[in-house]
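Here is a brisk report on one protein chain. Look over the sequence and the model first, then read on.

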Amino acid sequence: MAKTTKIDAIILRGASGTEYAFRVYVWETQFKSLPAVYAVASRSIEPGHPASYDPVFVGTADDL
């Protein structure tokens, strides 16, 4: 199994206003077998600014 490569951490806000913390990994990351809540997001970076994320999909998995 390849090493996981965390590149960032973000907070996403649900419809109720509750905030949820997510760790951001490169797409090719292979994870151990475990259940998880995950988000797929579009990442953009402007020179001199931190990365911004636009969530595309949030889901759950029995085996990430």
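## Fold and basis

Read along the sequence, the pattern is β-β-β-β. The chain has four strands and zero helices. Strands are DSSP runs of E, at least two residues; helices are runs of H or I, at least four residues; both are numbered from the N terminus.

This is a predicted model: local features need pLDDT of at least 70, side-chain atom pairs count only at pLDDT 80 or more, and totals for chains, interfaces and linings use all residues. Residues are numbered from 1 along each chain as its sequence is written, and side-chain values use heavy atoms, with hydrogens and water left out.

## Dimensions and surface

Taken along the principal axes, the C-alpha atoms fill a box of roughly 35 × 30 × 15 Å. The accessible surface of the chain is about 5,300 Å², and carbon and sulfur atoms hold 53% of that. Areas come from the Shrake-Rupley method with a 1.4 Å probe; for residues, only the protein chains shown count as cover.

Of the 64 residues in the chain, 12% are buried. Buried means under 20% relative accessible area, exposed means over 50%, and partly exposed lies in between (1.4 Å probe, protein chains only). Contact means heavy atoms within 4.5 Å. Among contacts between residues at least 6 apart in sequence, 31% join residues at least 24 apart.

## Nonpolar core

Which residues make up the largest nonpolar core? There are five: Ile-10, Leu-12, Phe-22, Val-24 and Tyr-53. Strands β1 (6–13) and β2 (19–25) each supply at least two residues of this core. A nonpolar core is a set of buried Ala, Val, Leu, Ile, Met, Phe, Trp, Tyr and Cys residues joined through side-chain atoms within 4.5 Å.

Not counting residues up to four places away in sequence, Tyr-53 touches Asp-8, Ile-10, Val-24, Ala-41, Ser-42 and Arg-43.

Ala-41 sits in strand β3 (residues 36–44). Ala-41 is partly exposed, at 33% relative accessible area. Its contacts, neighbours within four places left aside, are Tyr-53, Asp-54, Pro-55 and Val-56. Ala-41 and Ala-21 are 20 residues apart along the chain, with C-alpha atoms 14 Å apart.

Strand β4 (residues 52–61) holds Ser-52. Ser-52 is partly exposed, with 39% relative accessibility. With neighbours within four places left aside, Ser-52 contacts Ser-42, Arg-43 and Ser-44. Asp-54 also lies in β4. Asp-54 is exposed, at 51% relative accessible area. From Asp-54 to Val-26 the C-alpha separation is 15 Å, across 28 residues of chain.

## Charges

The chain carries 6 positive and 7 negative side chains, and the centres of the two sets lie 9 Å apart. Lys and Arg count as positive, Asp and Glu as negative; His and the chain ends are not counted. Each charge is placed at NZ of Lys, CZ of Arg, CG of Asp or CD of Glu.

How many salt bridges are there? The count is one. A salt bridge is a side-chain nitrogen of Lys or Arg within 4 Å of a carboxyl oxygen of Asp or Glu. Glu-19 pairs with Arg-13, and the closest N and O atoms are 2.4 Å apart. Side chains of opposite charge can pair when their charged atoms come close. Glu-19 is partly exposed, with a relative accessible area of 48%. Arg-13 is exposed, at 59%.
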